[in-house]
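Okay, thanks for coming, everyone.

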Amino acid sequence: LGLVVALALVLALSLALIGLLRHLEHAGGTTSHRSTGIAGAEPYEQLFQAAGAKYGLNPRLLAAVAKAESNFDPSARSGAGAVGLMQFMPATAAGMGIDPTDPAQAIDGAAKYLRTQLDRFGSVDLALAAYNAGPGAVQRAGGIPPYAETRNYVTKILGLLGNQSPTTSPTLVGSTNGVLT
């Protein structure tokens, strides 16, 4: 009788563990199957995850930036001269020591740059505006610059981010409604 009870207990614990693992995988709790949930990001998911973890950013934020910047095209070139998946200007990329045409370097560089802007301006909307228009433009405007392109860019990325936090830290970095405080 003791052996039957022990086997039943082992079986029950095994089934509970399997259920927990399935729940964690579905909730994004395992590293092998995490997804930003943004269509087109699939080839770069591991890079978004790694850079997000390194800089305390939600990988979905990084994927949203890539979607808005290049639609996940690492060979994209803008009319203004921005290059690669994350659309770095050549001087910015050179100053950061990255190759903007290399997706791994571009995603890591973008995450580092966004983290710097979040720390500088204290909100995701201003950090995104700085990514798009430059930190000097945000500083001069005292918030999101009055450029339609920048305002649309911030709105698009925040829409792709949804209700998720832009950071992975316990303190949420929210919106300032476009005003530098």
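Before I give you a pocket volume, here's what I mean by a pocket: on a 1 Å grid over the protein atoms alone, it's an open set of points with protein on both sides within 12 Å along at least five of seven lines. The volume is then the space filled by probe spheres set on those points. And keep in mind that what you're looking at is a predicted model.

So, the largest pocket. Its volume comes out at about 320 Å³. There are 16 residues lining it, and the ones closest to its centre are Ala 82, Gln 87, Met 89, Tyr 131 and Asn 132.

The top contributor is α6, which gives four residues.

Since α6 came up, let's stay with it and look at its packing. Two packed helices are described by the angle between their axes and the distance between the axes, and I'll give you both for each pair.

First pair: α5, residues 103-121, against α6. The axes come within 8 Å and cross at roughly 125°, so the two helices are oblique to each other. The crossing is right-handed. On the α5 side you've got Ala 110, Tyr 113, Leu 114, Gln 117, Leu 118 and Phe 121, and they meet Val 124, Leu 126, Ala 127, Leu 128, Ala 130 and Tyr 131 of α6. By class, that contact has 11 nonpolar residues, one polar and no charged.

The handedness is right-handed. From α3, the contact uses Arg 60, Leu 61, Ala 64, Val 65, Lys 67, Ala 68 and Glu 69, while α8 brings Tyr 153, Lys 156, Ile 157, Leu 160 and Leu 161. What classes do the residues of this contact divide into? Eight are nonpolar, none polar and four charged.

Last one: α3 also packs with α2, residues 45-55. Here the axes come within 8 Å and cross at roughly 125°, which makes α2 oblique to α3. Once again we have a right-handed crossing. Phe 48, Gln 49, Ala 51 and Gly 52 of α2 make the contact with Pro 59, Leu 62, Ala 63 and Ala 66 of α3. That's six nonpolar residues, two polar and no charged.

Okay, that's my bit.

Technical notes
Residues numbered from 1 in each chain as written. Predicted model: local features only at pLDDT ≥ 70, side-chain atom pairs only at ≥ 80, totals over all residues. Heavy atoms only, no water. Left-handed = near helix turned anticlockwise from the far one by under 90°. Contact = heavy atoms within 4.5 Å. Nonpolar A, V, L, I, M, F, W, Y, C, P; charged D, E, K, R; others polar. 1 Å grid on protein atoms, 1.4 Å probe; cavity = no way out; pocket = protein on both sides within 12 Å on 5 of 7 lines; lining within 4 Å. Axes fitted to C-alpha atoms, helices over the stretch in contact; angles between N-to-C directions. Parallel < 35°, antiparallel > 145°, perpendicular 65-115°, else oblique.
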